[in-house]
Amino acid sequence: MNIGSAALVVIDMQNCFVKRHSRHAVPAVCGLVDRWSGAGRPVVFTRYFNLG
């Protein structure tokens, strides 16, 4: 992997998915996003929409 062209991709981090067993993931992901974007690297967020 060429780190110079890498992006951090955060997939579907929505409040409705956070439960007792997954709460610890939120600060970990926030820390990654802060450090990655602080280094000037791109961050991409995705979100699923259920329209039906």
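**Exercise 1.** Leaving aside neighbours within four places in sequence, which residues is Val43 in contact with?

*Solution.* Start with the ground rules. This is a predicted model, where local features need pLDDT of at least 70, side-chain atom pairs count only at pLDDT 80 or more, and totals for chains, interfaces and linings use all residues. Residues are numbered from 1 along each chain as its sequence is written, and side-chain values use heavy atoms, with hydrogens and water left out.

Step 1: Val43 sits in strand β2. Strands are DSSP runs of E, at least two residues long, and helices are runs of H or I, at least four long; both are numbered from the N terminus.

Step 2: list the partners. Contact means heavy atoms within 4.5 Å. Val43 meets Leu8, Val10, Val33, Trp36 and Ser37.

Step 3: check the cover. Val43 has a relative accessible area of 24%, so it is partly exposed. Buried means under 20%, exposed over 50%, and partly exposed in between (1.4 Å probe, protein chains only).

**Exercise 2.** Work out how β1 is joined to β2.

*Solution.* Step 1: find the strands. β1 covers residues 8-11, and β2 covers residues 43-46.

Step 1: look at the pairing. The two strands run parallel, joined by 4 bridges. Pairing requires at least two DSSP bridges. Val10 stands opposite Phe45 in β2.

Step 2: follow the chain. From β1 it passes through helix α1 (residues 25-38) to β2, in a right-handed β-α-β crossover. Right-handed means that, with the strands pointing away from the viewer, the path from the first strand over the helix to the second runs clockwise.

**Exercise 3.** Find what marks the backbone of Asp12.

*Solution.* Step 1: locate Asp12. This residue is in the loop between β1 and α1.

Step 1: read the angle. Phi of Asp12 is near 55 degrees, a positive value in a residue other than glycine.

Step 2: Most residues other than glycine have a negative phi.
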